[in-house]
Amino acid sequence: MDLHLHTPGSIDYQEPGVTYLDILRQAELRGLDIVAFTDHNTMAGYRAMRDEVSKLEYLEQLGRMQADEKRNLAEYRRLLEKILVLPGFEFTATFGFHILGIFSPDVPVRQLEHILLSLNIPASALDEGSSIVGASTDVLTAYHMINEAGGISIAAHANSSHGVAMRGFDFGGQTKIAYTQDLNLHALEVTDLDRPGRKSTARFFDGTKPEYPRRMRIIQGSDAHRLVMDPRNPKNLGVGERVTEVQLPERTFDALRSVFLSTDFARTRPFRSAPEQEQYDHVQNARDEGANIVQAFHESMTYRGGRLYAIIADVCALANTNGGTLYVGVSNKPKEPPVGIRTGTESIDTLRTEIERKLTPPLDVDIDVLESGGKQVIRLQVPRGGDPPYAIDDNKIYVRDEGDTNLAVRDEIVQLVMRGMGTNPATAVSDTVTASPEKPAEAEAAPSDEQPSSSKIEAPRTGVEIIATEQRKGVRYHIMRDLRNGSVVKNVTRSSARRLWHYAISQKESSAVKPDQVEWQGEIGMWKRYKRGGTTRYDLIQRDDVNLRVYYGVTEDGMHGPWQAFVVEDDPEEAQPQPAGE
């Protein structure tokens, strides 16, 4: 599918003389099954095509068709039978952000024009097809109106100019989060879907970012303003030259919208030629990303050795945290071949039974089978639970911490209960600690080079900070802050601490920071760099006139703005060895 096509209905269409039949023929040539006409703030292009077909059909009824008109009508019927053409528009919202609205062919054009008028497109501009329309409506209202009208709302070229990721803007914060996480937004269209590595837009919106916990569907479209690519400027693509493949039970708008409303992200992928497409493996891509706060891997699910219990514990932890995906039948080492699950149906039944028997309250987990490397792999899609805390056997409560699952400690259980009651845990605990947590950090921008506008540099967004320590009967008790969400856990000791907490406490108690050995960049610095589980981590320092704040175990995901100066692109040989206790 290519859901972002312009026609001569857009004022900036680049090739004069192109007909709507030419566009459909080019779509056929590129092997497209579904296209959408999305001209700028107008339905003029789609309406012109439908009017042309209606005129030809009327002439046919009158028996007054000429030879070329008969050929054109026959060609339209052939192509429209083969290609599902959807009506839509590319709306220019406040600040110039572009939003795609895609609709069913059953929706009258007049109704779609009414939506544009309701979005404050001037009636005088409704047929111009211009991206410049003056004061219109804000982004969130556009998402809401498109969704309420039964359409598919997509943030157009979100990672580039006029995109809601707001590259090039020196403001945003919570606005950036809202523009990319709103529940009325169904997908982000990007220009780097095939780009590997941690810097891609898809990786940024995969649910692992603290401020962007909703995983977003990522698609690509050509944004074609011409039939074929401009040889003088390869960025000006033609019809079907950057497209998405979608798995549908039938080629209808309703089936397509159901995919955009679902959380099955394996049903869309970048389209490649047949030999390359066989190499596109969703499970392998997930393994390349590795275990993190929203995904985990298990080679088997046997009762022996507690492997099945470990899967159920992960389900519990994901439900209590951000939700996520489990893969059973593969290890978390991407270079190892998949083991696979032989009895897929029996295994799925076993997993459903165990989840229903052991997990309370009830949780609806989607379980299905994918193929990877010729093996069957079970996938469990776990939602973020709406009634926390979730527990195994009524008394074991697990949470997800980066790529690990751990039993929740007292304060985490309290915070889960408060979340279930609709109370903000971070706000509620802030007055119970001796060192008050800082205000929630301004949201990280989607991949961008922008810097904070003020001199105050916010804390990193992953890792932990020890914010207070007291000694009772010879034992040191620490108050820990999770930098990912600002939650605070009290009364943590060296012996009771989990991995990253244990490392932080060990460093604080035995390896004090030496300011003269810190790599400083103004008021911030890097104290140590080391690797754990294949991930490079950083111990970072921030100083003011009085104190040094130490942030332990920060990953690249949490390093924004000036902190990025300490990031190494390639895992260095000279990185600190893995510390004891990690």
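**Figure 1. Valine 330 in its loop.** In this predicted model, valine 330 belongs to the loop that runs between strand 11 (324-328) and helix 12 (344-358). Its relative accessibility is 0%, so valine 330 counts as buried. Leaving aside residues up to four places away in sequence, valine 330 touches Val283, Arg287, Phe297, His298, Glu299, Pro338 and Val377.

**Figure 2. An edge-to-face pair, tyrosine 309 and tyrosine 398.** Welcome to the aromatic pairs, of which the structure holds 13. Here the ring centres of tyrosine 309 and tyrosine 398 are 6.3 Å apart and the ring planes meet at 70 degrees, so the pair is edge-to-face. Tyrosine 309 comes from helix 11 (residues 307-320) and tyrosine 398 from strand 16 (residues 398-401), so the pair ties together parts 89 residues apart in sequence.

**Figure 3. Another aromatic pair, tyrosine 503 and tyrosine 552.** The rings of tyrosine 503 and tyrosine 552 also form an edge-to-face pair, with 6.4 Å from centre to centre and 85 degrees between the planes. Tyrosine 503 sits in helix 15 (residues 499-510) and tyrosine 552 in strand 24 (residues 548-554), so this pair ties together parts that are 49 residues apart in sequence. Both tyrosine 503 and tyrosine 552 are buried.

**Figure 4. An aromatic cluster and two arginines over tryptophan rings.** Phe95, Phe97 and Tyr179 come together as one aromatic cluster. Elsewhere in the chain, look for arginine 498, whose charged end sits over the ring of tryptophan 501 at 4.4 Å from the ring centre. Arginine 543 lies over the face of tryptophan 520, and here the distance to the ring centre is 3.8 Å.

**Figure 5. The largest nonpolar core, and a second one.** In soluble globular proteins, nonpolar side chains tend to be buried together. In this chain, the largest nonpolar core has 61 residues, and Phe37, Phe89, Phe91, Val164 and Leu188 have the most contacts inside it. Elements giving two or more residues to this core include helix 1 (20-29), strand 2 (34-40), helix 2 (44-62) and strand 3 (84-92). A second, separate core has 27 residues, including Leu308, Ile312, Ala313 and Leu318.

**Figure 6. The whole chain, and where to read with care.** Stepping back, the secondary structure comes to 15 helices and 24 strands. Of the 582 residues in the chain, 53% are buried. Among contacts between residues at least 6 apart in sequence, 67% join residues at least 24 apart. The accessible surface comes to about 26900 Å², with 48% of it belonging to carbon and sulfur atoms. The chain has a mean pLDDT of 88, and 90% of its residues reach 70 or more. Where does pLDDT stay under 50? One such stretch is residues 429-455, for which the model has 67 contacts beyond four places in sequence. Another is residues 571-582, for which there are 25 such contacts. Where pLDDT is low, the predicted coordinates should not be read in detail.

Methods: Residues numbered from 1 in each chain as written. Predicted model: local features only at pLDDT ≥ 70, side-chain atom pairs only at ≥ 80, totals over all residues. Heavy atoms only, no water. pLDDT = per-residue confidence, 0-100. Contact = heavy atoms within 4.5 Å. Helix = DSSP H or I, 4+ residues; strand = E, 2+ residues; numbered from the N terminus. Buried < 20%, exposed > 50% of the residue type's maximum accessible area, 1.4 Å probe, protein only. Phe/Tyr/Trp six-rings, centres within 6.5 Å; stacked < 30°, edge-to-face > 60°. Lys NZ or Arg CZ within 6 Å of the ring centre and 35° of its normal. Core = buried A, V, L, I, M, F, W, Y, C linked by side-chain atoms within 4.5 Å. Areas by Shrake-Rupley, 256 points an atom, 1.4 Å probe, with all protein chains shown as cover.
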